[in-house]
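Please take a moment to look at the sequence and the model on the screen, and then I will walk you through a few places in it.

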Amino acid sequence: WGVLPQPPVKKVSVPVTLPPDANLLKHFDRVIAEADYEDQTMQQLYRVWGFEAAIDEASCDAAQRVNLSCVQEFGTLDDLLKLNYPAVVHLTEEDGREIYAVVLHVADGKADLLLGSERWQVSVEWLNKVWGQGYTFLWQLPDSGHTVISKRSGVADVRWLEAAVSQALRLPVRNKVSRFDAQLTDKVRQFQKQEGLVEDGVAGEQTLLRLVIRSQKAVPRLNGRIPAQQTVSNSDEIENTGGDS
């Protein structure tokens, strides 16, 4: 894998209500017909994060090789909007055609989708009609690569968590915290309550992925621009050695 400075997409804007433009409608139908390969759509999602994955490597299994985690869930568009992550979505049209797309941005009743290599803007109403419940998204792990931070975690993870949860709650960040103490546990529980999660005081995957998106990190967000070029330095490269990931 290498690094792409930005997603290589052709921007094609479609109004919320598709106009009676025969050529445009034919082009949209043609793009839809070709958007039925999940691996190609996952390839686009990696590009959103600034990584170029070979087609046979564009999978959830490869995510940790670039310090990302891949999550597959079932839920509504509203559920995805609460998470605020760009995602590969499985859509089903009225005629039964199955489509895979990357949801890039949602605002003001409109959604930007990557269909193949083109960027289209559709209405949220249309997107809800064809929504197929399943979606897959990537999120950036802590520097350690761990998906759980608890009382048994190392100092680096504890300090990362202290900074992230304090920022999310808009509380002062304590410097040089060395252990998962009662104050940090209370902060984690407070954040979990705010997010509607189980308030166990342990920062598991669901807690961590929400902390990242609520933080000040330059990561792709559905309600913001896609800063793929900012997430990875252009000097960073990842070599595919052909071994197991």
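Strand β5, residues 110-115, and strand β6, residues 118-123, run antiparallel and are joined by six bridges; strands here are DSSP runs of E with at least two residues, helices are runs of H or I with at least four residues, and both are numbered from the N terminus. Two strands are said to pair if DSSP finds at least two bridges between them. Within this pairing, A111 stands opposite V122 in β6. The two strands form a hairpin with two residues between them, and in that turn G116 has a positive phi of about 65°.

Before I go on, a word on where this comes from: the model is predicted, so local features need pLDDT of at least 70 and side-chain atom pairs count only at pLDDT 80 or more, while totals for chains, interfaces and linings use all residues. Residues are numbered from 1 along each chain as its sequence is written, and side-chain values use heavy atoms, with hydrogens and water left out.

Let me turn to the cysteines. The structure holds one disulfide, a term used for a pair of cysteine sulfur atoms within 2.5 Å, and here C60 is joined to C70 with an S to S distance of 1.8 Å. This pair links distant parts of the chain, since C60 lies in the loop between α2 (38-48) and β2 (68-74), whereas C70 lies in strand β2, 10 residues apart. Is C70 buried or exposed? C70 counts as buried because its relative accessibility is 18%, and the cut-offs are under 20% relative accessible area for buried, over 50% for exposed, and partly exposed in between, with a 1.4 Å probe and protein chains only. C60, with a relative accessible area of 24%, is therefore partly exposed.

Leaving aside residues up to four places away in sequence, T136 touches M42, L45, C60, C70, V71, Q72, P86, A87 and V88, where contact means heavy atoms within 4.5 Å. At 6% relative accessibility, T136 is buried.

Next come the aromatic rings. How many aromatic pairs does the structure hold? There are three aromatic pairs, and rings of Phe, Tyr and Trp (its six-membered ring) pair if their centres lie within 6.5 Å, with planes under 30 degrees apart counted as stacked, over 60 as edge-to-face and the rest as tilted. Y85 and F137 form a stacked pair, 5.2 Å centre to centre with 15° between the planes. This pair, too, links distant parts of the chain, with Y85 in the loop between α3 and β3 and F137 in strand β7, 52 residues apart. Both Y85 and F137 are buried. The rings of W131 and Y135 have their centres 6.3 Å apart and their planes at 50°, so this pair is tilted. W131 and Y135 are buried as well, and Y85, W131, Y135 and F137 form one aromatic cluster.

Finally, consider N84, which sits in the loop between α3 (77-83) and β3 (87-92). N84 is buried, because its relative accessible area is 10%. N84 and R221 are 137 residues apart in sequence, yet their C-alpha atoms are 5.5 Å apart in space. Apart from residues up to four places away in sequence, N84 touches I213, P220, R221, L222 and N223.
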